[in-house]
Structures are given as C-alpha cells and as structure tokens.
Amino acid sequence: MTQTKTDHISWLIIIGVVLLLLELSFQGPDAIILLAIAAGAIYIGRKKYRSSFGKLLFWGGIIGFFVTLLNTLAIKFLLFAILIYAVLRFAQSKQAPSYIEPTIQDNPTVASDGPTIKRTPFMKNMLFGRQSTPDHAYEWHDVNIQCGIGDTIIDLSNTVLPKGESVIVIRGFIGNVKILVPYEMDVSATHSVIAGTGKIFEHHEPKMLNQTVSFQSESYDQAQQKVKIVTSMIVGDLEVKRT
C-alpha cells in the first residue's frame, strides 16, 4: 500500500514536470528568462545573505521564482491533482482505519557500541490515513509521531503503563486526535492548533484560533503513574476522555 501511494505521487510529479517543460517550450523564452533571473537572484542573495541587499535579493528571487511557476497551467494542474489525491486518500482512510500491530521481540537488537536496545514504535508517521492502537492488549512505548492528513486514536485502556511519566507527542497537519485514558490515571495535556477545538475531560474549548491550551490533573506532580500529552496541528480537534 505504501509503495502504491509513493508511485501515485511520483507519477503526479513526473506528469507535472513534463507539462511544465512543454508549456515553457511553447510560451517562448520569456518564462525561462524570468525563472533564470529569479534563480540567479537566489544564488547571489544566498552568497551575500549577511548583508541587507543579499537578504532582499534572496527573498525577492524566491518570491519571483514561485510566482512565475504558479502562473503556469502545469503547476496549477499539479497542485489541483495533489489536492484531489489527498482528499480521496483521506476519505478512504475514514472508511478503513489502519490498526498498528506491535511486534514484541524476545531478543531485542543491541547496538555494537553499548547496551542500547532498539525498539520498533507501534505507531508510525503517516502522510495520509487514519491509525489506531489495537483493540487487544499491547505493549506500551512512548509515542512521538508526525501526521499529514488523517485521524489518530490512542486507547490506553488496552495497555499497562509503566511507573513514572509516559509521553504522547503528536504533530499533525489536518486531522483529529482522540486519546482514551483510564479513570485512575493523572494527565497533563497541552494542545496547540491554528484552527480547531480542544476537549480535555470536562474542559471544552469550542473555537480555537492560533491558540495553545494546557490542563493538568491536580495530583499530577505527585502521581507515580501519569501521562503527558502534547499535540500540535494546523487544523484539527483534540479529545481526551476517560474510559
């Protein structure tokens, strides 16, 4: 499935580049000259970036380069195709979420330069798609993932958390995060979003615009077993509830 996604994106890029070359060849030398001037400004500005003139030249070249590209039909087609592909992948992920099965090794791999144990995370970075922790019991490891478009669901009632502080860090572009926490567990949660909502137990932020909210259980600092949740996304909702 991952290889298929990569092939689709690769073909979109190849088609876009071919169309861009064809369009530039039919438009004549004007567009190519503008791109060459912008590229030259970027190169010279990068060399002299410490000066004010260098910074102006560098950023002016970048803006000119992208404005010239965005005025071509090929780039517009490529952006539109990628958007349609992302929407289709997101719709498919809603219908069939991906469940991550953790692999527990009896003999963990040990690095040659010391007693370092290599572990495979049970949740992974995903560009598109929805993922959840398994419905059955699973071995816990701290979560630190980045997501593109899709939802993430973590159910802590199907695992045994170790003593001390367990950490969940999720950074996403567009999507929702839902975390189910046992009743006896102390929680610290920090949610940062450009546009979305945050619902942490009984606390509800229905309209968040470029905000960060943070909540912590009253006995969190003294708790022997606790969970720290940190989420950051562009557009999306966070829900932390008891189960």
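Ala, Val, Leu, Ile, Met, Phe, Trp, Tyr, Cys and Pro count as nonpolar, Asp, Glu, Lys and Arg as charged, and the others, Gly among them, as polar. The model here is predicted, so local features need pLDDT of at least 70 and side-chain atom pairs pLDDT 80 or more, while totals for chains, interfaces and linings use all residues. Residues are numbered from 1 along each chain as its sequence is written, and side-chain values use heavy atoms, with hydrogens and water left out.

**Exercise 1. The cavity**

Find the largest cavity and describe its lining.

Solution. 
- Start with the term: on a 1 Å grid over the protein atoms alone, a cavity is a set of points where a 1.4 Å probe fits but cannot get out, and lining residues have an atom within 4 Å of a point. Grid points are joined across faces, edges and corners, and the volume is the space filled by probe spheres set on the points.
- Next, count: there is one cavity of 30 Å³ or more. The volume of the largest cavity is about 60 Å³.
- Now look at the lining, which has 14 residues; Cys147, Gly150, Gly172, Gly175 and Val177 lie nearest the centre.
- Sort the lining by class: seven residues are nonpolar, six polar and one charged.
- Last, ask where they come from. Strands here are DSSP runs (E, at least two residues) and helices likewise (H or I, at least four), numbered from the N terminus. Strands S6 (143–149), S8 (164–174) and S12 (225–242) each give at least two lining residues, and S8 has the largest share, with four.

**Exercise 2. Strand S6 and its neighbours**

Which strands pair with S6 in the parallel sense?

Solution. 
- Two strands pair if DSSP finds at least two bridges between them.
- Strand S4 (residues 126–128) is joined to S6 by two bridges, and the two run parallel. Met126 has Cys147 of S6 as its bridge partner.
- S8 also pairs with S6 in the parallel sense, over six bridges. Here Ile145 stands opposite Ile170 in S8.
- Is S6 enclosed or open? Buried means under 20% relative accessible area, exposed over 50%, and partly exposed in between (1.4 Å probe, protein chains only). Five of the seven residues of S6 are buried, so S6 is largely enclosed by the rest of the structure.

**Exercise 3. An aromatic pair**

Classify the ring pair formed by Phe58 and Trp59.

Solution. 
- Rings of Phe, Tyr and Trp (its six-membered ring) pair if their centres lie within 6.5 Å; planes under 30 degrees apart are stacked, over 60 edge-to-face, and the rest tilted.
- This rule gives one aromatic pair. The centres of Phe58 and Trp59 are 5.2 Å apart and the planes stand at 80°, so the pair is edge-to-face.

**Exercise 4. Charges over rings and positive phi**

Find what lies over the face of Phe201, and note its phi.

Solution. 
- A charge sits over a ring if NZ of Lys or CZ of Arg is within 6 Å of the ring centre and within 35 degrees of the ring normal.
- Arg242 lies over the face of Phe201, 4.2 Å from the ring centre. Likewise, Lys226 lies over the face of Tyr220, at 4.8 Å.
- Phe201 belongs to the loop between strands S10 (186–200) and S11 (203–216). Though not a glycine, Phe201 has a positive phi of about 55°.
- Asn210, in strand S11, also has a positive phi, of about 50°. With 61% relative accessibility, Asn210 is exposed.

How values were computed. 1 Å grid on protein atoms, 1.4 Å probe; cavity = no way out; pocket = protein on both sides within 12 Å on 5 of 7 lines; lining within 4 Å.
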